[in-house]
Amino acid sequence: MTLSGPVVSLRSITPGDAAFVHGLRSDPVLARHLHPVTGGIEGQARWLKKAEIRGYYVIAGPTGDCGLLRLSNLCDAGFTWGSWLLHPAMKPRRAALASALMVYRIGFDLLGLPKATFDVRRANTAALAFHDRFGATRIGATETDILYRLTASDWNRAAPGLLAAQERIAV
């Protein structure tokens, strides 16, 4: 599956993306807020080949691949998203906003799910600020994470303005 927007596109990940995935996920700075990756590129390719990779996407900008994100736990109650990485030297301007908008378009508009939930490491202050500005609701916390929810109703209220702003920014 591929979803294109004015800033970035999302395409379903394949085992051929193993080197790219491994490079981002093993970078000590970029992946510092994610679970550590084990094994090398070959191990990543094996995992991608046998794992349920539906919902795992490569984020691509005009000059090439620049990040990753994953939708998981897809069920009637909603979906979870995370494993969101954008390489600062490779991503286009506004890639974070554009890729987040695409996540919600997939979950709410294409799949018709009622809510998104996700957690953000407390130490990931940039992501916390992003989700707070985006309108997600903090619904709890653990020792390491802040837990969020965004409902389809929240999305439906915010989407027209956010999508219009994205279109203006992209031009």
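Q: What is the mean pLDDT of the protein?
A: This is a predicted model, so the reading starts with pLDDT, the predictor's confidence in each residue. The mean for the protein is 87, and 93% of its residues reach 70 or more.

Q: Where is confidence lowest, and where is it highest?
A: The lowest value belongs to helix 5, with a mean of 73. Strand 7, residues 137–141, has the highest, at 97.

Q: Which residues of the largest nonpolar core touch the most other members?
A: A nonpolar core joins buried residues through side-chain atoms within 4.5 Å. Here the largest one has 38 residues, and Phe79, Trp81, Tyr104 and Phe134 touch the most other members. Elements giving two or more residues to this core include strand 3 (56–61), strand 4 (64–75), strand 5 (78–86) and helix 3 (95–110). Helix 3 supplies the largest share, 10 residues.

Q: Which residues does Phe134 touch?
A: Leaving aside residues up to four places away in sequence, Phe134 touches Leu97, Ala100, Leu101, Tyr104, Leu150, Trp155 and Leu162. There is also a second, separate core of 11 residues, with Ala18, Phe20, Leu48 and Leu68 among them.

Q: Why is helix 1 described as largely enclosed by the rest of the structure?
A: Burial is judged by relative accessible area, and under 20% is buried. In helix 1, residues 18–25, six of the eight residues are buried, so the helix is largely enclosed by the rest of the structure. The buried ones are Ala18, Phe20, Val21, His22, Leu24 and Arg25. They pack against helix 2 (41–50), strand 3, strand 4 and strand 5.

Q: Does Ser9 count as buried or exposed?
A: The same cut-off of under 20% applies. Ser9 has 19% relative accessibility, so Ser9 counts as buried. Ser9 lies in strand 2, residues 9–12. Beyond residues up to four places away in sequence, the contacts of Ser9 are Leu3, Ser4, Val58, Ile59, Ala60 and Met102.

Q: How many disulfides does the structure hold?
A: A disulfide needs two cysteine sulfur atoms within 2.5 Å. The structure holds zero disulfides.

Q: Is Cys66 buried or exposed, and what is the relative accessible area of Cys75?
A: Cys66 counts as buried because its relative accessibility is 0%. Cys75 has a relative accessible area of 39% and is therefore partly exposed.

Methods:
Residues numbered from 1 in each chain as written. Predicted model: local features only at pLDDT ≥ 70, side-chain atom pairs only at ≥ 80, totals over all residues. Heavy atoms only, no water. Buried < 20%, exposed > 50% of the residue type's maximum accessible area, 1.4 Å probe, protein only. Helix = DSSP H or I, 4+ residues; strand = E, 2+ residues; numbered from the N terminus. Contact = heavy atoms within 4.5 Å. pLDDT = per-residue confidence, 0-100.
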